[in-house]
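Hi everyone, thanks for making time.

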Amino acid sequence: MARRKRLEDDELLAVARERFVAEGFAASTRGIAQVAGVAEAVLFQRFKTKAELFFAAMLPPPPNLHEILVSRPDWEEPSRRMEDIAIGVLAYFREIAPVLLPWCHTRNSTTRVSWLATPSPP
């Protein structure tokens, strides 16, 4: 059987995100690797720890502030403009809510805080 071409980080992170959203931090790295079609060692070659993989996979995308705030017609009434901004902000939070939920469901708040305190590599 031929070796699979190199799996790009974004593909690997998409698989990890899917598993973390479904199972929270309890998702196994072995299971993530299996779904991605790579050896578990590949995960740890790219990400030193499971927590680093989790944060890389679960980091929400930044909001497109230009689209939300700036790309509105100048002639638009202020009340309509505020409504459009609110709708844009809500759409962003709808998009990132599934990614944020696993952070909220951590049983041990100390663990949650320690993840946040973990320094990222230079």
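Predicted model: local features only at pLDDT ≥ 70, side-chain atom pairs only at ≥ 80, totals over all residues.

Let's start with Asp84, which is buried, with a relative accessible area of 12%.

Where does Asp84 sit? You'll find Asp84 in helix α6, which covers residues 78-104. Leaving aside residues up to four places away in sequence, Asp84 touches Arg72 and Glu76. Its side chain also meets that of Arg80 in a salt bridge, at 3.3 Å from N to O. Both residues belong to helix α6, and they are four residues apart, about one turn of the helix. Now, are these two partners buried or exposed? Asp84 counts as buried because its relative accessibility of 12% falls under the 20% cut-off. Arg80, at 40% relative accessibility, counts as partly exposed.

There is also a salt-bridge network to show you: Glu18, Arg19 and Glu23 are joined into one by bridges that share partners. As a reminder, side chains of opposite charge can pair when their charged atoms come close. On one side, Arg19 meets Glu18 at 4.0 Å, N to O. On the other, Arg19 forms a salt bridge with Glu23, where the closest N and O atoms are 2.4 Å apart.

Why are Glu23 and Arg19 about one helical turn from each other? They are separated that way because they are four residues apart in helix α1, residues 9-23. In total, the structure holds five salt bridges, and I've picked out a few of them for today.

Let's step back to the whole chain. How many helices and strands does it have? The count is seven helices and zero strands, so if you read the elements from the N terminus on, you get α-α-α-α-α-α-α. Of the contacts with a separation of 6 or more, 58% are between residues 24 or more positions apart.

Next, the interior. In soluble globular proteins, nonpolar side chains tend to be buried together. Here, the largest nonpolar core has 20 residues. Which of them have the most contacts inside it? Those are Leu12, Phe20, Ile32, Val38 and Leu53. Two or more residues of this core come from each of α1, α2 (29-36), α3 (40-46) and α4 (50-58). Across the chain, which has 122 residues, buried residues make up 29%.

The chain exposes about 8700 Å², and carbon and sulfur atoms supply 60% of that. One place to look is a nonpolar surface patch of about 260 Å², made by Leu65, Leu69 and Val70. Leu65 is found in helix α5, residues 65-70, and is partly exposed, with a relative accessible area of 47%.

How values were computed:
Residues numbered from 1 in each chain as written. Heavy atoms only, no water. Patch = residues over 30% accessible without salt bridge, like charges linked within 9 Å, V, L, I, M, F, W, Y side chains within 5 Å. Areas by Shrake-Rupley, 256 points an atom, 1.4 Å probe, with all protein chains shown as cover. Buried < 20%, exposed > 50% of the residue type's maximum accessible area, 1.4 Å probe, protein only. Contact = heavy atoms within 4.5 Å. Core = buried A, V, L, I, M, F, W, Y, C linked by side-chain atoms within 4.5 Å.
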